[in-house]
Amino acid sequence: MSPIADRLLMGPGPSNPYPEVAAALAAPVIGHLDPAFLGILDQTCDQLRTVFATNNPLTLPLSGTGSSGMEAAFVNLVRPGDPVVVGVNGLFGERMAEVADRVGAQVVRVEAPWGQPLDPQQLLEAHPSPAIIALVHAETSTGVANDVASVAAGRGDALLVVDAVTSLGGMEVAVDAWGADIVYSCSQKCLGAPPGLAPITVSERARAHLVQRPSSWYLDLSLIAGYVEAGAGRAYHHTAPVTMVGALHGALRALIEEGVAASRERHRRCGKLLQDGLVDLGLELFAPETHRLAQLTTVVVPGDLPHAMSEADVRRQLLTEYDIEIGGGAGQLAGRVWRIGCMGHTARPANVLALLGALGEVLGR
Ligand SMILES: *Cc1c(COP(=O)(O)O)cnc(C)c1O
């Protein structure tokens, strides 16, 4: 088997990990109850509090990718028949509605067309007394940002669940200032670690509402708290993925040394450089300027690709000839857009310029 090429990862995730991650991945494996590992775990939870901007004691890296954070949020909060308002303006809002439905919620969908932001007022007025209001902060399928702060400000007694999978590290996520109740993310997008963990934070209010004996044993946050929280006796629940936690710890160290605000600003600058460059190539951006993400850019596939290439041919050529990965469209946008991520350690001007140069060559522009 040939060695895996060193790709520039500019799709919707994973992104290229920070250099601090490589060192962590090469460290010896130690036990999940070894005090040396528990120290790393405790530090990782502290780092996550910094990045989430929260003091929530129950803040941890969940074993599993971003979707496990989504499952954990609903399986631990929803009781059968609970009215749950879900904002749906892309693939991940759609997935939230599906997951909430599977755990027995009475799902109230509030939709916006793919490519448009959700209307916060519509979310707030969708039900007289929702148990939960849930929305995606950064819709990776469309490149559109939703206005979480406005929904948070008006949510009343409802618990607020926020998908911050593509936003954490790349734009402002202010869990305590919002008063959000469960916010989850993933390791492999703007945090710059490999896929495998879902950082999650749970407010004290949400904690008081946790379902007793949720239908998922593995994602039972109360049981997991018994291991993660130092004062809880470190009861064995499942074997913590020690190497992945070490990798996330390294990535978060890089992020926090740079500064959470500085990292955000770097993502913003790189996104702007990328988007201006794409427009200079004569390409059309899909997301409206007012709600456009910096870390994930959607580009309309032009109708006049050279040499009768398909949009997939363009992506394949970028990958095989330039070692650059970009993403295709997902769901109803399949074949219609490209998705270009600029997240984590990938978000540097040299990478943006490399992609713009390669794309210009492939498109003959
Ligand atoms: C990537 C993504 C997910 C799912 O994360 P996985 O790590 O693929 O499980 C959920 N929500 C959003 C907004 C995402 O971008």
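Let's start with Asp323, which sits in the loop between H12 and S13; helices (H or I, at least four residues) and strands (E, at least two) are DSSP runs, numbered from the N terminus. Asp323 is partly exposed, at a relative accessible area of 27%, where buried means under 20%, exposed over 50% and partly exposed in between (1.4 Å probe, protein chains only). The model is predicted, so local features need pLDDT of at least 70 and side-chain atom pairs count only at pLDDT 80 or more, while totals for chains, interfaces and linings use all residues. Residues are numbered from 1 along each chain as its sequence is written, and side-chain values use heavy atoms, with hydrogens and water left out.

- Most residues other than glycine have a negative phi, and most peptide bonds are trans.
- Asp323 has a phi near 60°, a positive value in a residue other than glycine.
- Arg213, too, has a positive phi, near 50°.
- Arg213 belongs to the loop between H8 and H9 and is exposed, with a relative accessible area of 78%.
- Gly13 and Pro14 are joined by a cis peptide bond, with omega about 0°.
- Pro14 is in the loop between S1 and helix H1 (19-25).

**Salt bridges**

- Side chains of opposite charge can pair when their charged atoms come close.
- The model has 15 salt bridges, each being a side-chain nitrogen of Lys or Arg within 4 Å of a carboxyl oxygen of Asp or Glu.
- Because Asp323 lies in the loop between helix H12 (311-322) and strand S13 (324-328), and Arg7 in the segment before strand S1 (8-10), the pair ties together parts that are 316 residues apart in sequence.
- Arg7 is partly exposed, with a relative accessible area of 30%.
- Arg205 and Asp181 also meet through their side chains in a salt bridge, at 3.4 Å from N to O.
- This pair links distant parts of the chain, 24 residues apart: Arg205 is in helix H8, and Asp181 is in the loop between helix H7 (175-178) and strand S9 (182-184).
- Arg205 is partly exposed at 32% relative accessible area, whereas Asp181 is buried at 2%.
- Lys272 and Asp276 form a salt bridge of 2.7 Å, N to O.
- Both Lys272 and Asp276 lie in helix H11, four residues apart, which is about one turn of the helix.
- Lys272 is partly exposed at 43% relative accessibility, and Asp276 is partly exposed at 37%.

**Around the ligand**

- The ligand is surrounded by 13 residues, and the closest are Thr65, Ser67, Thr140, Asp163 and Lys189; a residue is near a molecule if one of its heavy atoms lies within 4 Å of it.
- By class, this shell holds four nonpolar, six polar and three charged residues; Ala, Val, Leu, Ile, Met, Phe, Trp, Tyr, Cys and Pro count as nonpolar, Asp, Glu, Lys and Arg as charged, and the others, Gly among them, as polar.
- Helix H3 (66-77) and helix H4 (91-102) each supply at least two residues of the shell.
- An oxygen atom of the ligand is 2.3 Å from an N or O atom in the side chain of Thr140.
- For the side chain of Thr166, the distance from an N or O atom to a ligand oxygen is 3.0 Å.
- For the side chain of Gln188, the distance from an N or O atom to a ligand oxygen is 2.8 Å.
- Taken alone the ligand exposes 380 Å², and the protein buries 89% of that; accessible areas come from the Shrake-Rupley method with a 1.4 Å probe, and for residues only the protein chains shown count as cover.

- Asn76 is found in helix H3 and is buried, with a relative accessible area of 0%.
- The side chain of Asn76 reaches the backbone nitrogen of Leu221 at 3.0 Å.
- Lys272 and Val242 are 30 residues apart along the chain, and their C-alpha atoms are separated by 37 Å.

Notes
Polar contact = N/O pair within 3.5 Å; in protein donor to acceptor, adjacent residues only side chain to side chain.
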